[in-house]
Amino acid sequence: MNKSINKSTAWKKLASHYRWHKNEQMKDLFAKDPKRAEKYTLQLEDLYLDYSKNRIDSKTIRYLLKLTQEVNLKQKIEAMFSGAKINQTENRAVLHTALRNRQNTPVFVDGKNVMPEINHVLLRIKSFSEAVRFGKFKGATGKKLTNIVNIGIGGSDLGPFMAVTALKEYCSKDMTCHFISNIDGSACDDVLSKLDPEKTLFIVVSKTFTTIETLTNAKTCRQWLVDALGEDAVAKHFVAVSTNAEEVAKFGINTDNMFEFWDFVGGRYSMWSAVGLSIALMIGMENFEKMLDGANAMDIHFRNTDFKENIPVILALLGVWYNNFFGIKTHAVIPYDQDLRFLPKYLQQLDMESNGKSVDLNKKFIKYSTGQVIFGGAGTDVQHSFFQLIHQGTQIVPIDFIVPAISHNEIGNHHEILLANALAQGEALMTGKTTKQAVAELTKAGKSKEEISQLKAYKTFQGNRPSNTIVIKQLTPYTLGMLVAMYEHKVFVQGIIWNIDSFDQMGVELGKKLALNILPELKGSSPVSHDSSTTNLINLVKSLRK
Ligand code: F6P
C-alpha cells in the first residue's frame with residue numbers, strides 16, 4: 001500500500017515552503033529576476049505557456065517536481081499509454097491516447113492490439129462523413145442531409161458541442177449542427193422546431209446506451225421523424241455511436257448504422273472516437289484528423305518531455321500548489337476567443353468528474369483536498385460579470401487565460417482590443433494597485449481630500465493574484481486538439497498525485513437511481529421512504545401539476 005501523499009517528504013517540504021513563501025509578492029519576484037518571464041515560459045510548436053505570474057519561485061518548482069517522483073509519475077504515464085488497466089475500480093485500460101496514436105504503434109489490451117479496430121472505425125467515420133457531406137448518403141426522400149443532430153449527454157455531448165462551436169470557421173457552410181442533451185422537453189423542441197425531417201440526420205451517442213436522458217430524447221426525435229416520413233426512414237436518418245450493440249439494436253437502430261467505441265475510452269475523453277462523428281461531419285475528415293494530430297503532438301510532449309518543461313505536468317503541479325497548500329478550491333478558465341466559449345463547460349466535466357473524489361486507490365477516505373471547482377467563460381464578457389470578485393474579492397481564483405494571437409475574424413481592430421484586454425487582466429491581477437497609487441490617481445483626477453479619503457480603500461487592488469497565459473498562434477483543429485489533450489493530461493497528473501481513480505464517475509449514480517424511485521411517485525403512487533423534505537416536495541409538485 002502506498003504511503004499517503006500528504007505524509008511524503010516532498011509534501012512536508014512544500015508545506016513548510018508555503019509558510020515561508022506565502023506572503024512573497026510576485027511583483028518583487030519579477031523585480032528581482034529580469035528573466036522571470038523567460039524562465040517560466042514553455043513552448044510546444046504554436047502553443048506557449050507563460051506561468052511566470054504564479055506565486056512560485058525555483059524552490060517551489062523543485063519541491064513540486066519532487067512530488068512527481070514520490071508518485072512515480074513517469075511510470076504511471078507509461079502505464080496509461082501502454083494500455084495497463086489503470087482505471088482500477090472498473091478494471092479498464094484508459095486509452096484515449098490510442099485514438100490519436102497517429103504513429104499507429106501497437107497498443108495492447110489483454111494481449112490484443114487495439115489499433116486495427118481504432119483505424120477501422122476511423123475509416124468508417126471518414127467514409128460516412130464524406131458520403132453525407134458530398135450528398136451520396138441521402139435521406140429517405142432523396143434529399144441531402146444538411147442538419148446534424150447530436151443526441152447525447154455529458155461526455156457524449158460536451159466534447160462535440162465544444163469542438164463544433166470552436167471550429168465554426170472550418171464547418172461546412174451548407175450544414176448546421178444541433179445538440180440535444182437535457183431531458184427537459186424544451187431541449188428537443190428548440191431543435192426540432194427549426195428542422196426539416198427530410199434533411200435531418202440524428203446521431204444517438206451513448207457509451208452505455210442506457211442513459212435515460214439520451215434514450216428519451218432519441219425516442220422523441222425518432223417519433224418526430226416517423227410521423228413525418230414513416231418507419232422505413234429511420235435507417236436513413238438515425239445512426240448510433242456506442243459500445244453497446246445489443247441496446248442499440250433494442251432501441252431500433254440497425255447495428256450496420258452503429259459506430260463502435262470501447263470501454264477503454266471514458267465518456268469525457270471520447271471526442272477523438274466516433275463520439276466526434278458530428279465534428280467530422282461538420283469540419284470534414286481532414287480537419288478532424290488534424291485535431292487528432294494536435295492531440296497526438298501534446299501526447300508525445302507529455303510522454304517524453306522532462307517534467308520541468310512539460311506543459312501538462314507544470315499546469316497540474318500549479319493546481320496542486322494552490323489547492324493543497326494555499327487552500328484554494330476554484331480555478332477559472334477564460335478563453336479570449338468567442339468560439340472557445342464552451343471550453344470551460346467542457347473542462348468542468350473533464351476535471352470535476354475525473355478528480356472530484358474523496359476515496360483513494362487504497363480505498364481510504366482522503367484527508368487532503370482533491371479536485372477543483374472549474375468555471376469560466378469568454379473574455380471580455382466575463383470581465384463584466386464575475387471579474388470583480390477575481391480582482392477584489394476575499395478569495396483568490398487562479399486563472400488560465402487562453403489567447404489566440406490571430407483571429408479568424410480580424411474585423412477592424414476588434415482582435416487587438418480583445419488581446420489587449422486578455423494581457424491586461426493578467427497584469428492587473430498580478431500587480432494590483434497600492435493605496436498610494438490610488439491616491440495619486442484620485443489626486444490627478446482632481447478629487448477633493450474628503451473624496452480621496454472616502455474612495456482610496458475601494459480603489460486599492462491587493463494584486464498578487466495568479467494566472468497562466470496560454471497563447472496559441474490561432475485556433476485551428478490542430479491547436480484545439482493540443483489544448484484539449486493538454487487539459488486531459490493535467491487532470492491525469494493531478495489524479496496520480498492525489499492517488500485517485502480519475503476515470504470512474506460513481507458519484508453520478510446515486511441521484512440517477514433515486515430519480516427512478518421518485519418518477520412513479522410523481523405519476524401517482526404515494527411517496528415512500530423519503531426524508532420529510534423530499535416527501536413534501538414530491539407532494540407539492542404533484543399538487544401544483546393537478
Ligand atoms: O453523468 C455520468 C455519465 O456517465 C458521464 O460520465 C457520461 O459522459 C454521461 O453520463 C453519458 O453517458 P453515456 O454516454 O453512457 O450515455
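**Overall architecture and the setting of Lys27**

The protein exposes about 24700 Å² of surface, and carbon and sulfur atoms supply 53% of that area. The model is a predicted one. Of the 546 residues, 53% count as buried.

The fold contains 23 helices and 13 strands. Its C-alpha trace spans about 80 × 60 × 60 Å along the principal axes. The radius of gyration is 25 Å. A compact globule of 546 residues would have a value near 24 Å, so the two agree.

Charged side chains comprise 66 positive and 56 negative ones. The centres of these two sets lie 7 Å apart.

Three domains are given by the domain assignment. Domain 1 is built from three segments, 5-70, 305-431 and 465-504. Domain 2 covers 124-286, and domain 3 covers 509-545. The centres of domain 2 and domain 3, taken over C-alpha atoms, are separated by 33 Å.

Beyond its neighbours within four places in sequence, Lys27 is in contact with Met430, Thr431 and Thr434. Gly463 is 436 residues away from Lys27 in sequence. In space, the C-alpha atoms of Lys27 and Gly463 are 8.8 Å apart.

Definitions and conventions: Residues numbered from 1 in each chain as written. Predicted model: local features only at pLDDT ≥ 70, side-chain atom pairs only at ≥ 80, totals over all residues. Heavy atoms only, no water. Helix = DSSP H or I, 4+ residues; strand = E, 2+ residues; numbered from the N terminus. Rg over C-alpha atoms; globule rule 2.2 N^0.38 Å. Buried < 20%, exposed > 50% of the residue type's maximum accessible area, 1.4 Å probe, protein only. Areas by Shrake-Rupley, 256 points an atom, 1.4 Å probe, with all protein chains shown as cover. Lys, Arg positive; Asp, Glu negative; His and termini not counted. Charge placed at Lys NZ, Arg CZ, Asp CG, Glu CD. Domains from an automatic or database assignment. Contact = heavy atoms within 4.5 Å.
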